[in-house]
2 protein chains.
Amino acid sequence: MSVPGLSLNLATVRPQFGFAAAVDACLAQGITAIAPWRDQVQAIGLVEAARIVKINGLQVTGLCRGGMFPATNYAGLTAATDDNRRAIDEAAALGADCLVMVVGGLPGASKDIAAARGMVADGLAAVLPHARSCRVPLAIEPLHPMYAADRACVNTLEQALDLCDALGAGVGVAIDVYHTWWDPKIRAQIARAGRNGQILAHHICDWLVPTRDLLLDRGMMGDGVIDLKQIRGDIERAGFHGPQEVEIFSSDNWWKRSGEEVIATCIERYRTVC
Amino acid sequence: MSVPGLSLNLATVRPQFGFAAAVDACLAQGITAIAPWRDQVQAIGLVEAARIVKINGLQVTGLCRGGMFPATNYAGLTAATDDNRRAIDEAAALGADCLVMVVGGLPGASKDIAAARGMVADGLAAVLPHARSCRVPLAIEPLHPMYAADRACVNTLEQALDLCDALGAGVGVAIDVYHTWWDPKIRAQIARAGRNGQILAHHICDWLVPTRDLLLDRGMMGDGVIDLKQIRGDIERAGFHGPQEVEIFSSDNWWKRSGEEVIATCIERYRTVC
């Protein structure tokens, strides 16, 4: 039985499976869309990963991840843009729907978040021509404000869309419920993104109460407080009908279970609470 | 030597001192402004706490805390408004500059954050006449989005100020750098709050990288990534010149040191990085 509309971000089964095994496990349960991470692709080789995608007719809902632009010096900034160009090439080789951009936080010992945000805008502008020529949309992912210092200084959907508007064609957003569910402006900003065709991906998981770790305690859909159906409804009304991509980092729970059980649970919850 | 411009939120030395001992320790190092929590006041008794405040000429920069409005039923909503009226009375008895409002999160198993926000607006409106008659300003404290589910569903300064504007006179905001530093709109919203005279308190600490616990790993000023001088500058340009109130919850570090050392460090950092 196939599960149209569901994609598995392979970080969800990172400890259990490499790229090929993850694909096999997805296909065995009817999932035909995936979102791999660059290190998972590199471990098997880009050519082989692309071959597996092609022969199985997989949809790649995104490649994770580009970004990480801020740096303390020119060499660092240049290295970041070079690496992002390679990430764009990889996304193109995989036929990914987008390259997910986790833009980076404060570089070094900086306390200047406005400067970091400026570096992000500059970095995106620097790699955008290459992305356009490769026909790889860049999906800026606003990350939860608790990651502003160390992972991404783009922290609201409104901020991400302002950036998209400034950059022009070829840039949109990845809307991850974990990062955005709390935002009092989320519904209005989803509608705004839809009007401009800027929704490129929809990531799902859940926010647990309590949350025991800032990074590795994401919940399975239905186990937390996020109104997943409402957000999905808003996203579909905004014109995005691509797969919902499950992305769960869970060091003490889901990463300790069998990959098959995790995938089966994702499917069951997708059918009941998403 | 006195330390004008610095207030100690007594949660910063919660394990070390009760109300009277905390006041003595502050006075011994020249601090003449405090912000106690209701349980700390109740432990010594409101009358005695008010007497200590008065005889020492202390400024009470805020009483923590009112709020926690959302509930699953009418009895719960009524109990919350009753408790807030009592908190207003206590703030009045202490001569506090404001009652800090941590508004509450999702009640019960609710996933309806819009409904919770509605309950907050209704609850504030219900107690506001009593606050006005007691001349106790209500300071809505937007909490970091990582607390949206379990502590406060008001999560940005913009959202808090929209609420203030809707409620009218007698309501403002407590701006805590821990909760707001990441916000791309913080500078504009501080200016907006200043134009309307809505800044009632300024809380300081720091955001540590990494942050090891969502609640109890706040940093001492200077140990994290927040540009404290810039935020203070913005707040003063917006017309607020009240004390900076140190509020640090730190179960594994500052709560394990002597209260005298904590206070001395607060003073030293206040003089150098704030």
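Start by selecting A:R218 and A:H179: their side chains are joined by a polar contact of 3.5 Å. The model on your screen is predicted.

**Stop 1: around A:R218**

Stay on A:R218. This arginine sits in the loop between β8 (199-204) and α9 (228-237) of chain A. Is A:R218 buried or exposed? A:R218 has 3% relative accessibility, and it counts as buried because the cut-off for buried is under 20%. Now show its neighbours. Leaving aside residues up to four places away in sequence, A:R218 touches A:D176, A:Y178, A:H179, A:C205, A:D206, A:L208, A:E247, A:I248, A:F249 and A:S250.

A cis peptide bond joins the two, with omega at about -5 degrees. A:P210 also lies in the loop between β8 and α9 of chain A.

**Stop 2: the whole of chain A**

Zoom out to chain A. Color by secondary structure and look for 10 helices and 9 strands. Along the principal axes, the C-alpha atoms fill a box of roughly 50 × 40 × 35 Å.

**Stop 3**

Select A:R38, A:D83, A:R86 and A:E90. A network of salt bridges links these four.

Then go to A:M68. This methionine has a positive phi of about 50 degrees, although it is not a glycine. A:M68 is in the loop between β4 (63-67) and α4 (74-94) of chain A. With a relative accessible area of 32%, A:M68 is partly exposed.

**Stop 3: where the chains meet**

Show both chains. How many residues of chain B are in contact with chain A? The contact involves 30 residues of chain B and 30 residues of chain A. About 2300 Å² is buried between the two chains, and carbon and sulfur atoms give 68% of that area.

Now look for charge pairs. The interface holds 2 salt bridges. Select B:E158 and A:K185 to see a salt bridge whose closest N and O atoms are 3.1 Å apart. On the side of chain B that touches chain A, the elements giving two or more residues are α5 (113-133) and α6 (157-167) of chain B. By class, that side has 14 nonpolar, 7 polar and 9 charged residues. Between the chains there are 6 residue pairs in polar contact, both residues at pLDDT 80 or more.

**Stop 4: salt bridges inside chain B**

Over all chains the count of salt bridges is 40. Visit three of them in chain B.

Select B:D165 and B:R192. Their side chains meet in a salt bridge, 2.7 Å from N to O. The pair links distant parts of the chain: B:D165 is in helix α6, and B:R192 is in helix α8 (residues 186-195), 27 residues apart. B:D165 is partly exposed, at 40% relative accessible area. B:R192 is buried, at 13%.

Next, select B:R218 and B:D176. This salt bridge spans 3.4 Å, N to O. B:R218 is in the loop between β8 (199-204) and α9 (228-237) of chain B, while B:D176 is in strand β7 (residues 171-176), 42 residues apart. B:R218 is buried, with a relative accessible area of 3%. B:D176 counts as buried too, at 0%.

Then select B:K256 and B:D252. The closest N and O atoms of this salt bridge are 3.8 Å apart. B:K256 counts as exposed, at 62% relative accessibility. B:D252 is exposed, at 61%.

**Stop 5: backbone features of chain B**

Select B:V209 and B:P210. A cis peptide bond joins them, with omega at about -5 degrees. B:P210 is found in the loop between β8 and α9 of chain B.

Finish at B:M68. Its phi is positive, about 50 degrees, although B:M68 is not a glycine. The loop between β4 (63-67) and α4 (74-94) of chain B holds B:M68. At 31% relative accessibility, B:M68 counts as partly exposed.

Conventions: Residues numbered from 1 in each chain as written. Chains lettered and ligands numbered in written order. Predicted model: local features only at pLDDT ≥ 70, side-chain atom pairs only at ≥ 80, totals over all residues. Heavy atoms only, no water. Contact = heavy atoms within 4.5 Å. Buried area = accessible area lost by both parts, 1.4 Å probe. Polar contact = N/O pair within 3.5 Å; in protein donor to acceptor, adjacent residues only side chain to side chain. Helix = DSSP H or I, 4+ residues; strand = E, 2+ residues; numbered from the N terminus. Nonpolar A, V, L, I, M, F, W, Y, C, P; charged D, E, K, R; others polar. Buried < 20%, exposed > 50% of the residue type's maximum accessible area, 1.4 Å probe, protein only.
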